[in-house]
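Subject: Structure handover

Hello,

Please find the structure below, followed by notes on what was found in it. Please read the notes with the structure open.

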Amino acid sequence: MQVTPQQTDQSKDALVTGRRMIAGLGASGGIVIGRAFVLDRQYIHVIRQTIPADRIEEEVSALHRGVDDSIEQLRRLKSQSGALEASASDELGFLLDAYIQMLTQSRLLRGAEERIRQQKMNAVWAVSDVIDSIAAQFSGIKDRYIAARAADIREVGLRLMRCLIGETDRALDNTPSGAILIAEELSPADMARLQPGNVGAFVTAIGGAEGHTAIMARALGIPAVLGAADIIRGLSGGDTVIVDGIRGEVILRPTDADLTLYGKRREEWLAARAKLLSQRDLPSETRDKVQIDLHANIELPVEVSTVLQNGASGIGLLRSEFMFMNKSYLPDEEEQYQELAGIVSQMKDLPVTIRTLDIGGEKLAVALQNEMGSGPNPALGLRGVRLSLRREDLLEAQLAAILRASLHGRVRVLVPMVVTVAEMVRVRQVYHRVADRLRDQGHNIPPELPPLGAMIEIPAAALSIDALARECDFFAIGTNDLTQYTLAIDRSDDQVAQSYDPLHPAILRLIHEVSKASKRNNIPLSVCGEMAGDPRYTPLFLGMGLRNLSMSPGSLLPVKQRLRRLDSRTSEYQTRQILDQWDPARIAVMLDDFNDLA
Ligand code: PEP
Ligand code: MG
């Protein structure tokens with residue numbers, strides 16, 4: 001059964017016409033002019049199931065969980081709308097409050113619960129049935145107020161149904177080629193379904209520039225503006241839109257003057273990109289010939305060709321989450337091996353650092369959702385190595401796939417979200433057990449296993465780095481989570497995006513300490529968070545003694561360009577001055593000055 005929305009919302013939108021400029025967060029660089037494709041998640045395939053009597057309470061609980069998730073989404077939208085100008089904010093705020101109320105004490109909810117209990121319908125069927133019955137009652141009444149109420153109930157019901165069935169809708173697959181995709185929110189799993197080269201750019205109302213959706217946009221080279229709250233008001237599919245992912249600007253229905261100005265900026269951006277590409281084969285070294293390894297972070301196998309085109313000397317972070325996203329099952333050892341071996345072989349003899357699963361927090365996998373639950377605070381919950389050690393069967397399958405893939409090239413294994421030495425000891429035990437099992441099965445696993453290292457992305461790990469050095473063959477600093485957990489700022493929350501500041505002296509000191517400790521303990525170290533891909537920070541890393549940076553493929557050439565203008569001793573001197581400061585704003589000014597001088 002297909003549930004479709006009524007047309008009333010769209011006619012409401014059509015009232016807003018004319019040019020509008022909307023500010024958001026420039027999350028992925030580039031300027032694109034195209035036609036809007038408004039992501040319509042409203043076509044939902046409802047599976048009807050009769051629930052056995054002993055599972056009814058479970059289904060009612062599922063309904064309530066869906067309600068909680070919907071309310072949470074609406075609250076986030078509401079706080080997001082606070083950034084709008086007063087009249088728009090009030091209008092949207094009232095509407096969202098009304099929606100939240102409909103989810104607390106309403107005919108919709110009572111009707112759904114009744115259907116689950118009495119007619120034994122599964123939750124999503126029950127909700128769709130109530131919506132249909134309310135719509136049927138209202139259908140004969142020609143009154144604009146009643147029509148709008150019916151549309152509101154439908155809107156709330158559809159949101160609830162989407163929460164109940166997860167993000168497995170197909171709307172994304174219908175994005176026309178070259179279109180500007182506009183959505184309330186896109187998840188990292190949604191990003192994994194976009195075809196680079198197909199979507200021109202995208203804009204969302206919710207999302208921060210350091211979250212995973214933004215990272216994936218940069219990885220795929222899709223220009224994007226996130227956190228553009230006002231985008232959800234007054235937009236029609238097919239409108240012309242300009243997206244400037246560099247400045248974080250979106251212009252709806254641009255004037256001729258806009259088209260000329262942004263057309264020129266686009267030309268300049270394309271020319272700068274072409275110039276960068278011409279530097280691909282130059283060595284990545286400073287003016288005084290200090291070599292820096294520039295590696296790439298990848299999210300998806302399709303990126304390997306971009307990695308090579310941009311001259312990376314290896315993959316410094318292969319986020320293995322992609323193998324688990326958009327799947328209703330858990331991929332087994334063989335499936336993971338095939339994926340990983342493909343990537344490792346394409347990289348020939350260049351090193352590939354494969355990270356074990358880091359599902360959790362904002363990165364979700366459908367097949368693990370039930371087991372993990374949402375938890376009161378997912379970012380502090382069952383993430384990374386914690387999940388791997390809870391589900392050793394998953395870890396074993398993954399390590400076996402990685403070990404087998406290592407026979408095709410040069411591999412390292414990286415463990416995320418490590419906090420204690422005991423976690424690394426346990427992972428190493430499993431690693432050896434898996435290697436023994438593979439040897440018994442006749443695989444040609446070498447006596448010395450590929451290096452096993454830890455992500456340093458939680459302050460506790462950075463502060464116990466000497467102890468971790470005893471159990472780790474290498475370290476990779478994850479500045480995204482290190483910043484998030486040190487400053488207690490959710491990296492994907494645009495509400496607090498301004499305070500997400502990697503130049504806070506606490507972060508810089510942690511990175512510096514890890515760098516000194518790695519040198520002391522003779523342990524290879526890289527930086528693989530988003531900071532590593534921002535040329536602004538290159539002199540700092542150089543000055544702190546870092547010699548390996550891993551970043552989105554699109555950042556490799558801009559960082560190389562910056563590096564080639566720097567002198568290592570000058571950077572060391574400047575970094576010492578910066579590390580003496582306590583005020584992030586002053587640090588930012590000093591750093592920009594140093595960059596201007598370079
Ligand atoms: C990080 O936290 O900096 C990192 C590289 O890992 P992820 O962004 O995948 O959490
Ligand atoms: Mg991380």
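Ligand 1 sits in the largest cavity. Please keep in mind that this is a predicted model.

Two elements each give two or more residues to the shell around the ligand: strand 12, which covers 315-319, and helix 18, which covers 479-487. Helix 18 contributes the most to that shell, namely three residues.

There are 16 residues around ligand 1, and those that come nearest are R319, R355, G478, N480 and R491. Sorted by class, the shell consists of eight charged, five polar and three nonpolar residues.

Several contacts to oxygen atoms of the ligand can be listed:

- R355: an N or O atom of its side chain is 2.8 Å from an oxygen atom of ligand 1.
- D481: a polar atom of the side chain lies 2.9 Å from an oxygen atom of ligand 1.
- G478: here a backbone N or O atom is involved, 3.4 Å from an oxygen atom of ligand 1.

How much of the area that ligand 1 exposes when taken alone does the protein bury? Taken alone, the ligand exposes 290 Å², and the protein buries 100% of that.

**Strand 4 and its partners**

The other notes concern strand pairing. Strand 4 spans residues 31-38 and pairs with strand 9, residues 240-244, in the antiparallel sense. Five bridges make up this pairing. Within it, I31 has D244 of strand 9 as its bridge partner.

Strand 4 is also joined to strand 6, residues 180-183. In which sense do strand 4 and strand 6 run, parallel or antiparallel? They run parallel, and three bridges join them. For F37, the bridge partner in strand 6 is L181.

Regards

How values were computed. Residues are numbered from 1 along each chain as its sequence is written. Chains are lettered from A and ligands numbered from 1 in the order in which they are written. This is a predicted model: local features need pLDDT of at least 70, side-chain atom pairs count only at pLDDT 80 or more; totals for chains, interfaces and linings use all residues. Side-chain values use heavy atoms; hydrogens and water are left out. A residue is near a molecule or strand if one of its heavy atoms lies within 4 Å of it. A polar contact is a pair of N or O atoms within 3.5 Å; within protein, one must be able to donate a hydrogen and the other to accept it, and residues adjacent in sequence count only if both atoms are side-chain atoms. Accessible areas come from the Shrake-Rupley method with a 1.4 Å probe; for residues, only the protein chains shown count as cover. On a 1 Å grid over the protein atoms alone, a cavity is a set of points where a 1.4 Å probe fits but cannot get out, and a pocket is an open set with protein on both sides within 12 Å along at least five of seven lines; lining residues have an atom within 4 Å of a point. A molecule sits in a cavity or pocket if more than half of its atoms lie within 2 Å of its grid points. Helices (H or I, at least four residues) and strands (E, at least two) are DSSP runs, numbered from the N terminus. Ala, Val, Leu, Ile, Met, Phe, Trp, Tyr, Cys and Pro count as nonpolar, Asp, Glu, Lys and Arg as charged, and the others, Gly among them, as polar. Two strands pair if DSSP finds at least two bridges between them.
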